[in-house]
Amino acid sequence: MTKNSSTTSNYSRREALRLMAIGGAAGLIAPNLLGKPAFAKTPPAGPAGRVVVGLSQEPTVFNPLMAHIEVDDAIHFSVFDALVRMDPQGGLHPNLAAEVPSQKNGGISEDGLNWRIRLRDNARWHDGEPFTAEDVKFTLELITNPKFRAWRTSGHSLVQDITVVSPTEITWRMKEAFAPYLSFLAETFIVPKHILGKEADPNTAAFNQAPVGTGAFKWGQRVAGDHIELVANPEYAGEGPYVEQLIFKYIPDMTVLYTQFKSGDVDLVDQSFITADHYTEARELPDRVVTLETGASLESIYLNLGRPQFKDLAVRQALYAALDRKAIVDTIYYGVGTLTETFMPKESYYYDPNLPVQEFNLDRARQILDEAGWVPGPDGIRAKDGVRLSFSNSTTSGNNLREQTQQFLQQTFAEIGVEMTISNLPAAVMWGEFWLKSQFDTAMVGVTYLIAADPDATNRLHTKAIAAQGGHGSNTGQYSNPEVDALLEKGARSFDPEERRAIYNRVQEVVRHDLPFLPLFAYSIVLGRKKGLDGFEPNANTRTASWNAAAWKWKA
Amino acid sequence: MRGFLLNRLLQSLVLLVIVSIIGFGILNLLPGGPLAQFGLDPGMTQQDIERLKGLLGLDRPIWIQYLDWAWRLVRGDWGHSFRDGAPVLDVIGSHLFATLLLMGSSTVIAISIGAWIGIRGATRRYSLFDYLATVGAMVALSVPTFWFGLVGIYVFSLKLGWLPAGNMSEIGDASILGYLHHLILPSIVLSLVHVAIWSRYMRTATLDAISQDFVKTARAKGLSERRILMKHVVGNALLPMITLAGMQLPSVLTGALVTETVFTWPGMGRLFLDSLGYSDYPVVMGLLMFSAILVLLGNLIADIVVAIVDPRIRLA
């Protein structure tokens, strides 16, 4: 979409960023996202107009450091700033930091342990107080405060000896070298010490209901269950904002969300976007820009490798060969979805395009099973050494596209002598212990592997991340491969994008061979906005479409 | 009378305790829980989730969690929402107005139109109007509310552009006219089913009253049909309706889930479903207690009124 709507001038910027991402990636000093870029057209005299963003879930957590879900990010990205920000190509840019720290510019020591961040000197909190290194220190310490209901703590728990060198410089030491932390900082919003520091209990502070940030928009008001209103921060240190009022409207039903987009009540459809079944119709709407964008998650059949049926690689290969993925995407998912062989999003610099391509072939699937000694029993179901090739598949009940896919798979699997039963559960049950503690046989699930778009997938693929075996992590398929473990450990310690690319390409190769999960397709999302809303850019490296509301403006 | 009141109050309290235990038990028996929403977050480790569980007090035995919750409630502390950290009473309060507005106006519409149709149908029994009203009521009762809602939006918002497609007000517009404009479609849709119910009840009650002896007496006295209807029939037919209206009170305050969803109305029904979806225990329990108190209160008031009117009940 951006391709259609982009002007020549910001095409050059995007190209430049892409080249940078390819050439030097994260560490490169990218143009300051917050400084007024040279190409920016003369902005209107002051922020003007209003944008109404429709969301199908209600944002309720406004302290960005507290445990929250995707939909809350829309507010955080507009009210707060992080040290760095990630662009759609995966490149990092300074936000509250004056430069992105790297080994080249001395921000990160050669051993990866000592970090030094230089900060902007002109950012102010919405109440007028200046932003300083003390706020950064306070933020990082609050996250690891055991009494605080913090969101993700991995990476942050490695930070120690935080020292404020000056109001614009902060240093710390990491317990071990951990490269993904730089990307994590892009999702770590800085909160004000002068407000939260005074609170006896930060979990119940008034701030959590009326946040004060440094971002392009100030907190306006919230009408619970209905909408949240943000207003332009004219003192914003960076680019923008150009719209005066930013409204996040909660519309609980996806069909109604789409209807209100159609009727013009909603200017932009964010989380959970336009449903696939409306895509064809939405594209034809007058005065609307509706596009298909790749998301960061992979829809796949997760196999619980703790079950005896799946320990044999031949079984996994045969099942994969029996997946008619094209038919599933085209006939069930309205063509919204991209076939892929890996968990790495195609937008990522670390994506491996050279993986073997799956081919739907039932004869081949049967042959693999025959050769591996899985012979059909009297009931037509294959078995070997007393293990029947029968399993259940679970997913969120009520998701009718997934339910159709399950029925489709049930039939194709039956043709190769494999029995699949369907056992779906309500979301709260499905994704609780049942999923986390690997109590399923197989699951149909959309999984994001990367944390903050860093290629490190330790949490999903490392042996020590198997919660069902006492590990700490979300390796719910119980995948274990010493080579992958070693590669992941090496990758997390390396700050060199080239070296990391080789490492993660090899991880993708091994995982593609081992097939701990069977990729169905990479999620695509249908984004819709009104014509005339400029400056909008989708970003698969963030969880919200409203990551850069500061740059939005209505065409005059 | 005092003994009767005390007795009733005690019964209500026991009932509330039972309701709360059952509610708390069922809520906690559901697997998943408030932290399941983080199950698919790539960055939330099992450790993070255990840590949050501890901070929310969810790692304690369920009966301790219950006693803790109940003891706080007795002291007037309804707890804080797991989702946004706001006090439960504030959360309920912030959704109450929307529901009251929608349910109140639709109930007024339903009662007035329903009563009119019922009386008219009864006085012209087996007329064309009566048949049409009966068929209409059956249709209104059988067709789901969301279908009426979606059709209404399609016709009046998307095609004709007369009425808003949903929401309680235009953002930034707090005028009464604005609210009324937004109220028209959802309150009519919601009242459709209630009109049907009310008209059926009203018809039966009116027919009952018409066949009474005092109506015959009035006729014998030579009163006009109009006067008989207004003074003797309707007055008596409305009596059972008042009890019915009293029983509707809790539902006026607890909301209409489907209509609120279709018209993105930020009311109590939505709040209940959302809180249940996120297993926001304090809010779900708060809502449960809130509606239980309303139901008991409604019954208590009804009992008292009946007792005042009819001394036989008091003795029983």
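User: In which sense do E10(A) and strand E18 of chain A pair, and over how many bridges?
Analyst: This is a predicted model, in which local features need pLDDT of at least 70, side-chain atom pairs count only at pLDDT 80 or more, and totals for chains, interfaces and linings use all residues. Residues are numbered from 1 along each chain as its sequence is written, while chains are lettered from A and ligands numbered from 1 in the order in which they are written. Helices (H or I, at least four residues) and strands (E, at least two) are DSSP runs numbered from the N terminus, and two strands pair if DSSP finds at least two bridges between them. Leu268(A) stands opposite Arg529(A) in E18(A), and E10(A) pairs with E18(A), residues 517-530, in the antiparallel sense over 3 bridges.

User: Which strand of chain A runs parallel to E10(A)?
Analyst: Within E10(A), Val269(A) has Gly54(A) opposite to it. The parallel partner, joined to E10(A) by 2 bridges, is strand E1 (residues 50-55) of chain A.

User: How many of the 7 residues of E10(A) are buried?
Analyst: A residue is buried if 20 or more other C-beta atoms, placed from the backbone, lie within 10 Å of its own, exposed if 12 or fewer, and partly exposed in between. Phe273(A), placed in E10(A), counts as buried because it has 24 C-beta neighbours inside 10 Å. The strand is largely enclosed by the rest of the structure, because the number of its 7 residues that are buried is 6.

User: Where in chain A is Pro241(A)?
Analyst: The peptide bond that leads from Gly240(A) to Pro241(A) is cis, with omega near -5 degrees. As for its place in the chain, Pro241(A) is in the loop between strand E8 (227-232) and strand E9 (245-250) of chain A.

User: Which strands stand at the edges of the open sheet of 3 strands in chain A?
Analyst: The order of this open sheet is E4-E6-E5 (chain A), with antiparallel pairing. Each edge strand has a single partner strand, so one side of each is left without a neighbour in the sheet, and these strands are E4 (114-118) and E5 (159-166) of chain A.

User: At about what angle to E5(A) does helix H4 of chain A run?
Analyst: E5(A) pairs with strand E6 (residues 169-174) of chain A over 5 bridges in the antiparallel sense, and the bridge partner of Ser166(A) in E6(A) is Glu169(A). Axes are lines fitted to C-alpha atoms, for helices over the stretch in contact, and angles run from 0 to 180 degrees between N-to-C directions; two residues are in contact if their C-beta atoms, placed from the backbone, lie within 7 Å. Helix H4 (residues 133-143) lies across E5 and E6 of chain A, and its angle to E5(A) is about 170 degrees.

User: How many residues of chain A are in contact with chain B, and which element gives the most?
Analyst: The contact joins 49 residues of chain A to 42 residues of chain B. The elements that give two or more residues to this side of chain A include E8, helix H13 (427-430) and helix H7 (254-263). With 5 residues, the element of chain A that gives the most is H7(A).

User: How many helices and strands does chain B have?
Analyst: Chain A has 17 helices and 20 strands, and 52% of its 556 residues count as buried. In chain B, buried residues make up 36% of the 316 residues. The count for chain B is 13 helices and 0 strands.

User: Is Ser279(B) buried or exposed?
Analyst: Ser279(B) lies in the loop between helix H11 (268-277) and helix H12 (281-309) of chain B, and its phi is positive, near 50 degrees. Because Ser279(B) has 22 C-beta neighbours inside 10 Å, it counts as buried.
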